[in-house]
Amino acid sequence: MKDTVLENLMVELDKCLSSLLLYDINAIMPLFYVLCAHHEGHLVSIIGENGSFFHGKMHIQPIETVDGYESPLLKKIRQLVSHSYFEGQPAELVFNFYSTCSEYINEFYKELIEHIFEFYSKHSGRYSGSYVTPSEVSKLIGHFILRNRAHSVYDPCAGLCTFATLPELREINFLCSELDMRSKVMADIRMDAWGRDITLRQEDSTFMWRGEEGSDCLASELPFGIRLNNRTIEHQSSDLLEDYVISKFLDSETLTSAVLLVSAGICSRSRTSIIRKRLCENNYVDTVIRLPRGILSNTSVDAAIVVLNKHRTTDDSILLVDGQFFVSKNTRGRNLILDIDAIKRVIDKNSEDASSIRLSVKDLDNNYSLLPNRYLVDTSKVENGLKLSELIQVDMPRPYTGNMWTVSDFSDDWKKCQLTTKEVNDSTRRRVISYSGNELMVQFSNGRLMLGEIEGLTLGVKVAVGSLAIAFHIVDTQKIHKKYLLYALKSQIATAQAQAFATGEVIPRLSANDFLEIVIPCPSISDQEKIIRDAEDKYLQQLGFGRTSSDIVHMLGTPSVHIGNALKLLELSENLNEDDRKTLSYLKDNFEYMDRLMKLNSILDFSKQSKKPICLANFIRNYIDKWKSFGSNTFHVEFDGDENALKAKVSANSDALMIMFDCLFDNANRHGFHKKKSPDNEMTIVLLSEMKDGAPYIMLRVGNNGSPLDKDFSLNDYITRGRYKSDSGRSGLGGYHVNAVTQSMGGEISSILKSAEWTAFEFLIPIVNIEELDNSKFLQV
């Protein structure tokens, strides 16, 4: 009976919350006010403007007006937002819920408050720009707090005080600071519901650091990328909040352990190597868990949990865990779930597997990188393996102003990677090398190595090297053939190493030193030449098939034009009833889809097509409607996005966008759901607005819960023409065209998210109507 009452109560609460959040996140404050007031024993009332229940705009009466006294918590809630939220429609929505469910509020008070926070967590990114950490991540952090035998925790960026709600930490004291007033008030509400007596202050912890006030454990979910206004941090020059907090831990005489959620860049950036060196040389680093991308749903920044302990013995190793091995999707296929029990088992055992590795400090690289994927790539079994440092030499660029050649059009194809060169003579200062006739270039982009070969320039001319590019030349051509080197750099083992060595939270970059550490197979020159001949023969066979496809398109071209013209004439007819027009629309959608498939291979360069600003959200909604006509019914589609993203426009060609989504949807149908016919089959499309390096972007995430990709399937495989998915036996994943269309919009495919239960692709695309959007609601990455 109790469970039934609670379930019905939550249904009513969800209705109320959904209606309130049509305004904004502040609209839930009157709901908090009414629930807290009732819990304190007050009777809440709603009246009209002139004191009448039947006259004027309705508003929630302040408790102070009715009872002559209002608790400090109620006063803070009421004063936090404009009085307008306590009147009119929001007030009536809250009071309707209150009048219906008031008799159960005290019995289920904690459950009601916590449910609001869960709802807030799911929608905060969309409505408020706030950030809420998933419960699984907070529970994992709580596990480490308990494991470190903490007595008192200091949290300098407490947010909603999630740690204090964990039952296993109930006996631990908490001293917390939170800069944002709204978060602080909401945390007060939460602590009141849980009956937790903690010390929580609204303050800037970088000015009021309280780590020396009796706490022995530092634990926090630190905001990413927050800069401290050029404030100097001891021991190094970085001005990031994360660096500041870790530096304070290093210098603390009372804090003996720390559990921190940080951006993954803290574990690898060169600028923070001094901090990592101090941590490692003092033997403070206990465990680092790199969280899978997408587990923090409102950011594309990679994150990690760092566990520090000052009481470790000198023989203790550092445990590095790759969280990508412990992620799945819920039954609806929408939200990622981190298997923290499996991670705990890895932590407690001494053996290693593909997901983890234990290292001593001397095993770390010179940069003291603490990201697990860097050390988990096994190159010991690469046959005839050699490091690139034994085969090539990097040409270090120098600053230069004057006449030079710029290069463009790096290629994903080792067979055709000649760079486009252009002579320039301006005052722009660039990094250059002198052309020696044997230059190659590479740059890491979209999770793979893009190749470039420079030919046809005069010896000695200056060639510009972009910020992401690495220029190099072969040292000994008797040891490795140039074509084979380019071929080997596109191998799976080379790509895996490049992905592991790349650093950067949003746009990973590969340094020249890390590039030289890549191991490739290097057989004899004769074997290299045979490998190249075989690869080129296979490529020619694919071209032969391509020419046959082009012939078919040519033969069908004339009938296609006739059919298209006939459909247009039918549209102009005035003798069609509603059913006829539905049938005509169905035929037209199917014909347009067929026509796009026929023309697909004839489009050589999507970037040369005319473009205009297109609202991506409106386009997607329209495409979903059309897919119902010409597409498969093996899955349903869920689409959502934040406020900015749903209004954002991109510079695109509408026909190219149609081709891109044809490939994405057909890929899900033919490769994701070819074995699985179920009503739970689902494709999810999410749009998020992000501000990256001062520029606005849409992050488009397209995923499905169908059959997974092969375990070793990479982003490079997806965008390479002619690759296929082995378990479906079908070619045509469409990634080549998807990537080409994305690049034509100035964007890139940033990552593939995959597990045993789901697959998702992420795209970053520039926004062109920033002046029409709310800058405060962009996710800062």
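The model is predicted, so local features need pLDDT of at least 70 and side-chain atom pairs count only at pLDDT 80 or more, while totals for chains, interfaces and linings use all residues. Residues are numbered from 1 along each chain as its sequence is written, and side-chain values use heavy atoms, with hydrogens and water left out.

The protein contains 21 helices and 32 strands. Both are DSSP runs, numbered from the N terminus: helices are H or I with at least four residues, and strands are E with at least two. Of the 781 residues, 54% count as buried. Buried means under 20% relative accessible area, exposed means over 50%, and partly exposed lies in between (1.4 Å probe, protein chains only). Among contacts with a separation of 6 or more, 73% join residues 24 or more positions apart. A contact means heavy atoms within 4.5 Å.

Helix α19 covers residues 654–672. At 1.5 Å a residue, its 19 residues should span 27 Å, and the end C-alpha atoms are 26 Å apart, which agrees. The expected span is 1.5 Å times one less than the number of residues. The helix is mostly covered, with 16 of its 19 residues buried. At its start, a side-chain oxygen of Asn 653 comes to within 2.9 Å of the backbone nitrogen of Asp 655.

Two other helices pack together. Two packed helices are described by the angle between their axes and the distance between the axes. Helix α4 (residues 72–80) and helix α8 (residues 181–194) have axes that come within 10 Å and cross at roughly 145 degrees. Axes are lines fitted to C-alpha atoms, for helices over the stretch in contact, and angles run from 0 to 180 degrees between N-to-C directions. From α4, the contact uses Leu 73, Lys 76, Ile 77 and Leu 80. From α8, the residues include Met 181, Val 185 and Ile 189.

Charged pairs come next. Side chains of opposite charge can pair when their charged atoms come close. The structure holds 27 salt bridges. A salt bridge is a side-chain nitrogen of Lys or Arg within 4 Å of a carboxyl oxygen of Asp or Glu. Arg 374 pairs with Asp 365, and their closest N and O atoms are 2.5 Å apart. Arg 374 is buried, at 13% relative accessibility. Asp 365 is buried too, at 18%.

Glu 536 and Lys 483 form another salt bridge (2.9 Å, N to O). Glu 536 lies in helix α16 (residues 525–571) and Lys 483 in helix α13 (residues 482–489), so the pair ties together parts that are 53 residues apart in sequence. Glu 536 is partly exposed at 26% relative accessibility, and Lys 483 is partly exposed at 40%. A network of salt bridges links Glu 64, Glu 70, Lys 75 and Arg 78.

Lys 777 and Glu 643 also meet in a salt bridge (2.6 Å, N to O). This pair links distant parts of the chain, 134 residues apart. Lys 777 sits in the loop between β31 (759–766) and β32 (779–780), and Glu 643 in the loop between β24 (636–641) and β25 (649–652). Lys 777 is partly exposed at 22% relative accessibility, as is Glu 643 at 30%.

Lys 777 also touches Ser 689. Ser 689 lies in strand β26 (residues 682–692) and is buried, at 0% relative accessibility. Its other contacts include Asp 642, Tyr 697 and Phe 778, not counting residues up to four places away in sequence.

Ile 392 belongs to strand β15 (residues 392–394). Ile 392 is buried, with a relative accessible area of 4%. Ile 392 and His 473 are 81 residues apart in sequence, yet their C-alpha atoms are 5.6 Å apart in space. Ile 392 touches His 473 and, among others, Phe 472, Leu 485 and Phe 515, with residues up to four places away in sequence not counted.

Backbone angles complete the description. Most residues other than glycine have a negative phi. Tyr 368 has a positive phi, near 55 degrees. Tyr 368 lies in the loop between β13 (356–359) and α12 (373–376) and is buried, at 16% relative accessible area. Asp 409 has a positive phi of about 65 degrees. Asp 409 is placed in the loop between β16 (398–408) and β17 (420–434).

Note on methods. A polar contact is a pair of N or O atoms within 3.5 Å; within protein, one must be able to donate a hydrogen and the other to accept it, and residues adjacent in sequence count only if both atoms are side-chain atoms.
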